[in-house]
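Open the model in a viewer and follow the stops below in order.

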Amino acid sequence: MRFDKGMLRLYAVTDRRWAGALSLPRQVELALQGGATMVQFREKHLQGAEKEALARELLALCRSHGVPLIINDDAELAKKVGADGVHVGQSDLAAQEARRMLGPQAIIGVTARTVEQARAAQAAGADYLGSGAVFGTSSKSDARPLSGEELRAICAAVTIPVVAIGGIHAGNVLALCGCGQAGVAVIGGIFGQPDIRQAARELLALSEQASQN
């Protein structure tokens with residue numbers, strides 16, 4: 001799938017800790033119905049056949065909505081199931097190696113928390129950057145908050161698009177106005193809400209507003 005920065009507008013990142021009574025595929029389906037423009041399969045506790053089967057199920061859902069599925073930190077799985085790309089952190093597989101494994105058509109995302117990391121990731125061939133945690137986060141114990149000033153500096157330092165991540169929900173998205181991000185990556189702000197479809201719909205509209213200011 002050809003990458004476009006508009007795919008980052010509302011980037012839904014999975015976490016089965018929010019699943020409750022719903023299955024993860026059902027949660028993702030509701031997020032897609034609400035307007036999620038990209039989905040990242042991020043289930044670090046899963047392994048083997050169970051992880052592969054779930055990735056394939058989510059890929060089929062995303063395909064039916066014309067939305068790319070990105071695998072977190074597992075280029076081998078992304079290649080095996082035919083996902084659209086992979087997202088890697090600073091201590092994960094290098095972007096160059098992910099590109100070698102997945103080919104020129106793959107979408108490669110890299111976590112960047114400093115201007116130096118952002119420039120290095122762009123030079124390594126990343127298609128987009130994920131920067132945060134802009135409002136803190138409960139999904140990563142070691143993630144320090146990233147100030148609006150730091151996010152603006154990262155966005156200004158590169159020509160590839162940047163998606164903001166970390167503690168983002170409908171009540172704080174507009175605080176990102178003027179930072180230069182292409183969109184927002186959201187976990188609990190979508191999947192932790194009682195009405196996932198409506199939460200995604202609202203966040204998409206707010207993200208569009210925040211990205212245009």
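This is a predicted model: local features need pLDDT of at least 70, side-chain atom pairs count only at pLDDT 80 or more; totals for chains, interfaces and linings use all residues.

Residues are numbered from 1 along each chain as its sequence is written, and side-chain values use heavy atoms, with hydrogens and water left out.

Select residues 115-123 for helix 5 and residues 148-157 for helix 6; their axes (lines fitted to C-alpha atoms over the stretch in contact) come within 9 Å and cross at roughly 25 degrees. Helices here are DSSP runs of H or I, at least four residues, numbered from the N terminus. Val-115, Ala-118 and Arg-119 of helix 5 make the contact (heavy atoms within 4.5 Å) with Ala-153, Ile-154 and Ala-157 of helix 6.

Next, select helix 1 (residues 24-33) and helix 2 (residues 48-65), whose axes come within 10 Å and cross at roughly 20 degrees. Helix 1 is therefore roughly parallel to helix 2. On the helix 1 side, show Leu-24, Pro-25, Val-28, Glu-29, Leu-32 and Gln-33; they meet Leu-54, Glu-57, Leu-58, Leu-61, Cys-62 and His-65 in helix 2.

Last, select Lys-5, Gly-6, Arg-9, Thr-159, Ile-160, Pro-161, Val-162, Gly-180, Gln-181, Ala-182 and Ser-211, which line the second largest pocket. A pocket is an open set of points on a 1 Å grid where a 1.4 Å probe fits, with protein on both sides within 12 Å along at least five of seven lines; lining residues have an atom within 4 Å of a point.

Conventions. Axes are lines fitted to C-alpha atoms, for helices over the stretch in contact, and angles run from 0 to 180 degrees between N-to-C directions. Helices (H or I, at least four residues) and strands (E, at least two) are DSSP runs, numbered from the N terminus. Angles under 35 degrees count as roughly parallel, over 145 as roughly antiparallel, 65 to 115 as roughly perpendicular and the rest as oblique.
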